[in-house]
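Dear colleague,

I am passing on the structure below for you to look through. My notes follow it, and I would be glad if you read them with the coordinates open.

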Amino acid sequence: MSAAPYPYAWAAGYYDDGDRPQVVTSRFQYDDSYTLDRYHATGGYEGLRKALGMQPAEVADEVKKSTLLGRGGAGFPAGVKWGFTPAGVWPRYLVVNGDESEPGTYKDRLLMELDPHQLIEGCLIASYAAGLSQCFLYVRGEMALAHERVAKALDDAYAAGYIGKNILDTNFSVDIVLHWGAGAYVVGEETALIESLEGERGMPRLKPPYFPAAIGLYGMPTIVNNVETLSNLPFIASNGSAAYTAIGTETSPGTRMIAVSGHVKRPGVYEIVNGSTTFRDLIYGDEFAQGIRDGNELKAFVPGGGSAPWFVADQLDIPFEGREASGAGSMLGSGAVMVMDDTTDIPAAALTLVKFYAHESCGKCVPCREGGTWLYRILERIVAGNGTDADLDTIRQVGESICPGDMPHAASERLGISAVPFPYKMTTICFVGPSAYVPVHSAMTLFPEEFDALVTKREPRSLIHVTAAPSGGQ
Amino acid sequence: MSRLTDANVALAREIIARYPKKKSALIPLVHLSQQQNGYVTEDAMRHVAELIDVTPAEVYGTASFYEMFRFEPTGKYLINICGTLSCALMGADQLMHHAEHTLGVKAGSTTPDGLITLQHAECQAACTEAPTLQVNYRHRFRVTAADFDQLVDDLRAGKLDGEIPPHGTLGRNRQHIPADRAVGAQHPDDVTTGPAWIEIAEAAQ
Ligand SMILES: Cc1cc2nc3c(=O)[nH]c(=O)nc-3n(C[C@H](O)[C@H](O)[C@H](O)COP(=O)(O)O)c2cc1C
Ligand code: SF4
């Protein structure tokens, strides 16, 4: 459609200018990045060969030493998670989470479309190390191109002897099956993913057990990892954990893919150095999003996908480090930064997210099923100019029934409030319920005057734009 | 009417064989039926149930949870316009307004000629390219009103037939596991020992 302003026409939104290390995006510069030929020409499947020359336990140990953190949202160390599988219980499965649908998140789709062999190699290394005998690659249904690219890559890798029986003439054998999702955000939650893979409605399972590593697919030990997490493994296997931990910080090593969207001059997907890069770098840096559009001011930003409590300018100097983000009242989540400038109608912006989570409730828990809908309906009324003071109280009461106790939020010097650290308590099975409350709670806490104005004026509005129309230049 | 064709039954059996338990093939097979018929019919669900040894109610029970499955005739092209935050910030509501006007139908309905169904959609994992839409789950980025009109013209003129297959077709190619390379799926109850490379490694220690 509009002429692509990014360097590689085939890699929409991706930028690699600046001098940043590339762990997972090194092939995005090639227009044939997804082919086996290109993969071979750029060191492909070398990590697998190295791994197969080591004992499985040694490979697992190397991954543990790399402190590779899960990229699906929870940030749990992959090597530690693999160790949770109970000894002597077989078979064990690998389920790859390619369901990417958290609002603002755009990275796994690129990794699947542009470097499917890297992901496949990651699956193979994980299966070898953790003794996983079948792998299911669950790709979100709405990603037609990713399905085509991954299917072709799997066929080529089977034909070349990388997947299937006696891989590279060793005793390592594993099948990788491409599985199609069919559209449901909550299926990204790992136990719902497993239910869906069993042919059921995608509803999260009751916890404990907290990890499907003990009881997962068909009741067997199952490792669920995110696409980006697994895509890091070829680098770690090829270059060793020391090369990986040399990038980033001790608690957050390596790189991360971050999508910056919304009101910035150069929205894009960037592979950043983990742990040390700050939100200010990312939103204002020349090699990143280059500041707010049209010379406007930053109003607020969502730091880690639609489920994350919002930040304002006071939090710009927080780095991409889990504990720093949670201390400041939010989370890094799935690597998605959504930026709002001062033309944004904050209640209307929050409404889009509340609507999303209310819509995506699977209906298993009452506080989420009923509460999410209530939050959406009430907020919609307020945004339309028909709300009252009492509606604001009701929102807080409904929120309290989903997340009892202190709700995390950011500090604001303007309002003289300090941060309440993440996480919250919750009455629901999964995070969809709380995520319906988070955006409206953040919006009401950080911009109370906008809600007060709406309920005081009570001027019905018909067509509400979340933001001023973007000017030229986009 | 609208049971799976013989060719698709063969494909269905190939898909079923990949899973340790047949029911895991439920969603892929319902997709296959939607590819064949353009939407999910009752006969197709009965047929899928026979193929994986469950009841038709179980097929419908699962299928009805998922948004991509449509249980009534749908346009050849399904246009989904994203309205979640990143797209809303870049004018998604204006785009939807324009789309409804251009097509002369409200979101959620199909043009009288049966060609295009227009829908509100949620985050499409292309947030930096807002506002986005998908036609039969193929992305279009940074869509302006003029882009939208051009897209509709091109769809009507059949110019995009090579790129965008009719609604229901997920990928233009599918995975085929070669029989001589496949390990084969085993029912979990039939697996009693660990995989060869782990047993041997542990025995050697
Ligand atoms: C509601 C919900 C949606 C989620 N969606 C995704 C998703 O789309 N992709 C993903 O990788 N993880 C998602 N997760 C996180 C997964 O449950 C799980 O933690 C993750 O896939 C584990 O992989 P990792 O350790 O490699 O990050 C979601 C979690 C919740 C609660
Ligand atoms: S919190 Fe919501 S989406 Fe999650 S299990 Fe409960 S009802 Fe389902």
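Which side chain meets that of Glu228(A) in a salt bridge? Please bear in mind throughout that this is a predicted model. The partner is Lys107(A), with 3.0 Å from N to O, and the pair links distant parts of the chain, since Glu228(A) belongs to helix 9 (residues 227-231) of chain A whereas Lys107(A) sits in the loop between strand 1 (93-98) and helix 5 (108-114), 121 residues apart. Over all chains the count comes to 38 salt bridges.

The interface

Turning to the contact between the two chains, 100 residues of chain A and 76 residues of chain B take part in it. The area buried between chain A and chain B is about 7,100 Å², and carbon and sulfur atoms give 60% of that area. Across the same interface of chain A and chain B, 37 residue pairs are found in polar contact, with both residues of each pair at pLDDT 80 or more. On the side of chain A that touches chain B, helix 7 (residues 144-159) of chain A gives the most, with eight residues, and the residues of that side divide by class into 52 nonpolar, 32 polar and 16 charged.

The ligand

Around ligand 1 there are 18 residues, of which Gly72(A), Lys81(A), Asn225(A), Asn226(A) and Thr229(A) come nearest. By class, this shell around ligand 1 holds four nonpolar, eight polar and six charged residues, and strand 4 (residues 222-226) of chain A gives the most to the shell, with three residues. Asn225(A), one of the nearest residues, has an N or O atom in its side chain that is 2.8 Å from an oxygen atom of ligand 1. Polar backbone atoms also come into the picture, with that of Arg71(A) at 3.2 Å from an oxygen atom of ligand 1 and that of Glu100(A) at 3.4 Å from an oxygen atom of ligand 1. The protein covers 90% of the 610 Å² of accessible area that ligand 1 has on its own.

Backbone geometry

Some points in the backbone of chain A deserve a look. Most residues other than glycine have a negative phi, and most peptide bonds are trans. Against that background, a cis peptide bond joins Lys207(A) and Pro208(A), with omega at about 0°, and Pro208(A) is placed in the loop between helix 8 (190-197) and strand 4 of chain A. A cis peptide bond also joins Phe422(A) and Pro423(A), again with omega at about 0°, where Pro423(A) lies in the loop between helix 16 (389-402) and helix 17 (432-446) of chain A. Finally, Tyr45(A), a residue other than glycine, has a positive phi near 65°, and Tyr45(A) is found in the loop between helix 1 (36-41) and helix 2 (46-52) of chain A.

With best regards

Notes
Residues numbered from 1 in each chain as written. Chains lettered and ligands numbered in written order. Predicted model: local features only at pLDDT ≥ 70, side-chain atom pairs only at ≥ 80, totals over all residues. Heavy atoms only, no water. Contact = heavy atoms within 4.5 Å. Buried area = accessible area lost by both parts, 1.4 Å probe. Polar contact = N/O pair within 3.5 Å; in protein donor to acceptor, adjacent residues only side chain to side chain. Helix = DSSP H or I, 4+ residues; strand = E, 2+ residues; numbered from the N terminus. Nonpolar A, V, L, I, M, F, W, Y, C, P; charged D, E, K, R; others polar. Near = heavy atom within 4 Å. Areas by Shrake-Rupley, 256 points an atom, 1.4 Å probe, with all protein chains shown as cover. Salt bridge = Lys/Arg side-chain N within 4 Å of Asp/Glu carboxyl O.
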